[in-house]
Amino acid sequence: MKWQVKNKNCFILILIITLAVLTVPNLAIAESNNSEDQPLITATFFDSDLLESIKEVALQSKVNILVDENVKGVITLDIKDVPLEKALQMMLIGGGYCYHKIDDFYVVGLPDPKNPAFTGLSESTVYYLKNISADSAKSLIPSVYEPYVKFDNSKDSVSIIAPPELLKKILADIQKMDGERKQIKIKALVTEISNEVLKEWGMNVFNIDFNASGVGTRTLALDLAAGTLSGEGDAGFGHFSATIKALADEKKATIHADPELLVTEGKSGDLFVGEKRTLILYSTGTNSSSSSTENVEAGVGLKVTPKIVGDQIELTISQNISNFTDQTTEDKIVVKSRNYSSTVRFLPGQTVMVAGLTDKNDSDETIKTPILGDIPIVGYLFKQKSKAKANSQLLVFLTAEVVKE
């Protein structure tokens with residue numbers, strides 16, 4: 001009985017030693033997966049055949065390296081105690097080849113999707129876009145990446161199939177393109193001031209003094225040729241807005257719109273203030289007649305698209321002013337329209353004034369004596385007709401700033 005116990009203890013000891021011996025190689029393989037424990041390569045190649053050089057590296061490192069049939073060329077290289085993967089990279093980069101590690105062996109080949117060995121050289125991932133559309137990403141992606149990416153417009157996703165190092169590079173570039181866009185708060189004031197008021201008051205209507213160089217004491221820059229004015233500080237948006245509203249109270253200016261918009265960078269903000277009229281269209285056929293309606297709008301339309309350029313904000317502006325004329329009747333609608341578009345760039349918080357749309361109104365006015373002026377024939381003696389001409393300038397004041405998160 002004692003012998004059996006001893007024999008049993010010996011059996012357990014032998015079993016433990018056996019398991020330890022079998023486990024050691026596995027530990028060695030696991031450790032060799034770390035880049036720090038890669039085999040070191042020392043070799044000198046001078047106009048050497050690339051395929052034969054890879055074979056030499058495989059023999060020296062005792063690691064299996066499978067090479068596809070497209071790999072060819074010659075290399076000149078002197079390396080000493082270089083990790084295996086870095087040695088492979090130095091040998092392959094000149095010919096546009098790459099390597100990919102699968103388990104405990106390497107595959108070397110041409111990273112071309114048409115290459116039958118491409119699946120063994122590549123990895124895949126799917127990235128879902130958060131801030132830009134798939135169409136936008138497709139237009140921005142460099143042409144060299146095109147063979148490795150596919151875009152899904154319905155899901156706004158990008159599928160990438162490429163060698164590991166290239167995959168990381170493509171993914172990093174796409175993530176930069178898809179970076180979070182900033183919110184921009186835009187204030188606008190669309191006003192119309194008669195030319196007579198502008199001539200009478202000049203730029204003093206805004207209480208601005210300019211020296212000979214065109215730079216004002218309120219840190220303003222004026223470019224009369226371009227029709228733009230920019231200011232900051234005391235001469236900011238609030239100053240201009242208060243001045244225009246004061247002129248409007250005196251019936252010397254008309255404020256068409258004063259919106260405040262919150263727009264994502266690169267997107268467009270739209271505003272329309274006006275009225276809609278319905279025109280009934282009649283059509284008559286041989287045996288029947290029908291009618292249809294058409295809606296016609298007139299008013300103030302403003303479209304702004306902000307973009308951050310360095311430390312400045314760039315605004316692309318589209319402006320439309322339309323109104324129904326006196327020629328509008330029940331069966332005819334006549335709309336007078338003025339359009340303007342421009343791109344301006346300024347620092348956050350500055351105010352820009354854009355001008356350049358002139359409206360010319362010619363009107364006939366009849367002044368008559370009550371009752372006597374309505375008498376046929378004789379009434380002409382008590383009437384006086386005059387023509388009035390009124391020109392006005394459309395001014396758009398804009399300011400913008402980035403909303404802090």
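In this predicted model, I65 touches I54, V57, A58, L88, Y106 and V108, leaving aside residues up to four places away in sequence. I65 also belongs to the largest nonpolar core, which has 23 residues. Together with I54 and M91, I65 touches the most other members of that core. Several elements build this core. Strands β1 (40-49), β3 (74-83) and β5 (105-109) each supply at least two residues, as do helices α2 (50-61) and α3 (84-92). Helix α3 gives the most, with five residues. In general, nonpolar side chains tend to be buried together in soluble globular proteins.

V263, in strand β13, stands opposite I184. A257, in strand β12, stands opposite V190. The pairings both involve strand β9 (residues 183-194). β9 runs antiparallel to β13 (residues 260-264), and five bridges join the two strands. β9 also pairs with β12 (residues 253-257), again in the antiparallel sense, over four bridges.

Another region holds an open sheet of three strands. The strand order is β6-β8-β7, and the pairing is antiparallel. β6 (123-128) and β7 (149-152) form the edges, each pairing on one side only. From one strand to the next, the twist averages 15°. Six bridges join β6 to β8 (residues 157-162). Within this pair of strands, V126 stands opposite S159 of β8. Helix α6 (residues 164-177) packs on the sheet. The helix touches β6, β7 and β8, and its direction makes about 160° with that of β8.

These regions belong to a chain of 405 residues. The chain contains eight helices and 19 strands. Of its residues, 33% count as buried. The contacts can also be sorted by separation in sequence. Among contacts between residues at least 6 apart, 62% join residues at least 24 apart. The chain exposes about 25700 Å².

Conventions:
Residues numbered from 1 in each chain as written. Predicted model: local features only at pLDDT ≥ 70, side-chain atom pairs only at ≥ 80, totals over all residues. Heavy atoms only, no water. Buried < 20%, exposed > 50% of the residue type's maximum accessible area, 1.4 Å probe, protein only. Contact = heavy atoms within 4.5 Å. Areas by Shrake-Rupley, 256 points an atom, 1.4 Å probe, with all protein chains shown as cover. Pairing = 2+ DSSP bridges. Axes fitted to C-alpha atoms, helices over the stretch in contact; angles between N-to-C directions. Core = buried A, V, L, I, M, F, W, Y, C linked by side-chain atoms within 4.5 Å.
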